[in-house]
Amino acid sequence: MSDTATPRDQGRATSVGLRKAKSRMFEGFMWLTGIVALVPLVLIVFYVFKEGLPAINVDFFTQTAPAPGVPGGGMSQAIVGSAMMVGMATLMSVPLGVLSALYLTEYGRGSFAATIRFVAEILLSTPSIIAGAFIWATVVLLMHSFSAIAGAIALTVLMWPIITRSTEETLRLVPDDLREAALALGVPRWKVILAIVLPTAGAGIFTAVMLAVARGLGETAPILLTALGNDFMNLDPKLPTDAVPLRIYNYAQSPIVAWHQLAWGGAIVLLVVVLALSIGARILSDRQQRRLR
Amino acid sequence: MSQQSNAPKGETLTEAPVRRRLRIGDAVFRDTTVAVSLGLIGLLGSILFVLLVAALPAFRAFGVWGFITSTSWNGVTDTYGALPFIYGTLMTSTFAIVLALPISVGLALLINEVKSGWIRNPLTVLIDLLAAIPSVVYGLWGIFIMAPFLNTYVEPALGATLGQIPVIGALFQPTPSAGNMFNAGIILAIMIIPIITAVSREVIAIVPRDLREAALAMGATRYETIKIAVLPYARSGIVGATMLGLGRALGETVAVAMLIGNGLGIQASLFAPAYTIPAVIANEFREATSVGLHRSALLALAVILVVISFFLAAVSRVLVGGSVAKTGKPEPLLDPAEGDVQ
């Protein structure tokens, strides 16, 4: 190492001391990175609650978007819209995701399965704006209208690969002994999968769904390009629909200061739900892994 | 499964229909999963196909190279060029990577080196939570809390110090803009740290114990062990992790759209406003009608973005996958550290 072999370096003690000091400095750097990475998390959570709590009241959950200059108002239309679109997207992406994961773990062999896995991995990194642009260029332009259903399809594009990937991981934890025991009893393969494999991996699949839902709830760009947003309550999936992240995005950029407060209130709702889903998913998957290992 | 084909000859007549029904059940179920899996390939294919077809008029009118290198983005004259958006996207993402990479690798090493679980586990969980925060919340916090702080304190200070250095000083020339590439790059860095950390942590965790122990047995300090044994082994995986982070940064929409100032100029200073590909798509899709080339030009930008993203994802997957696959076979003990042994 260059730092140990300078010509003036007489005693070994100095160089060892130098190397130890360097090592300690590096350890200091590692701890520093831990602090640097956690500061934003603390600051974001702190400010979201500090700025947003005053906006949280009954009106926030029962009223729709206020007209400019009118005080009060709430986000009920956005909360309902988010629930509707993420709900529809979950109904579409869970069967798709679980079935493709089942193919990969139960049947997939060779280069075809490897290709599917590779494609799923690539899709996992689809920028969310691309999912939005894709559905805008197809569903929205063909239907001649922004709509909740288009929003749900755009979210499905993002959630399907997520569910495929995490379900595949969880299905791999199901011991082969279970499958073989059932097969040896003469149970057909599809029954083995439905009656043994899926129930065993149940908690893990639920975890995968929770993570996908958390992702779907937080997405702004795909919803913007497909569902557009709506100031009023809308329950018709064929019409433009609002969502919480979209409302936050619009309010934060508006010049009306009263709306900024509503944006922070929306951020609390979003943050609490998304973090609860992520933490819940983590606890469930830890428990599941301990059970299966 | 071959059990059907070598079933005993003397099978009774009553058994046969049952068997056939079971076999049909199996075939149907299997084919369903295959069809759905093919759907993934279909999805990828149709994303590329639809965007490409929709972008064709713009590419035809300006030429692919002409579109990429033109700086004009003008709805009145109906001429469109991608360069300002490509520039803004690459500048913010590169800046974000420069900030996030050392922090993420340090963090990944920390999580692997620290032995006490009561620090490591909460640290891992908290970093993962950082990844779960929706990007619009980052944007909201960025625009009202972080950007005013950076604009008032950090940017003037950097302008007065780094801004005086020749060459790299050009990056830190003050401008009056509140929204700029510096703010957008910092929020992106915060957003991609958990991604790069998570993948780096995985590839660092699988560095064989033998390598570490060999280095330690030679009297290497912890820093030297990391430098000669851990990092060389994990290098390609960390590069893959960085590409994953880069892909995420390139595609980030709302947080960047809120912070970057959305300006069409191409300026060297990080303190100048700029525009990114996702941001311009999100801001202009409403006005983009089928009359003229505006819509097609926006979707041509989407094509550029998706090609870069999928390419980065593919390379990253090969690098990280290769790094993980290496552990399957025993490694020659000193091989990765060879260059450093005197």
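## Ground rules

The model is predicted: local features need pLDDT of at least 70, side-chain atom pairs count only at pLDDT 80 or more, and totals for chains, interfaces and linings use all residues. Residues are numbered from 1 along each chain as its sequence is written, while chains are lettered from A and ligands numbered from 1 in the order in which they are written.

## Chain A overall

Chain A is helices and no strands: twelve of the former, zero of the latter. Both kinds of element are DSSP runs numbered from the N terminus, with helices (H or I) needing at least four residues and strands (E) at least two.

Burial comes next: 49% of the 293 residues in chain A are buried. That label takes 20 or more other C-beta atoms within 10 Å of a residue's own; exposed takes 12 or fewer, and partly exposed lies in between, with C-beta atoms placed from the backbone. As for extent, the C-alpha trace of chain A spans about 80 × 65 × 35 Å along its principal axes.

## A look at A:L173

A:L173 sits in the loop between α6 (148-172) and α7 (176-184) of chain A. Why is A:L173 partly exposed? Because A:L173 has 16 C-beta neighbours inside 10 Å.

## Where the chains meet

The contact takes 68 residues from chain A and 70 from chain B, where two residues are in contact if their C-beta atoms, placed from the backbone, lie within 7 Å. On the chain B side, helix α1 (residues 15-62) gives the largest share, 19 residues.
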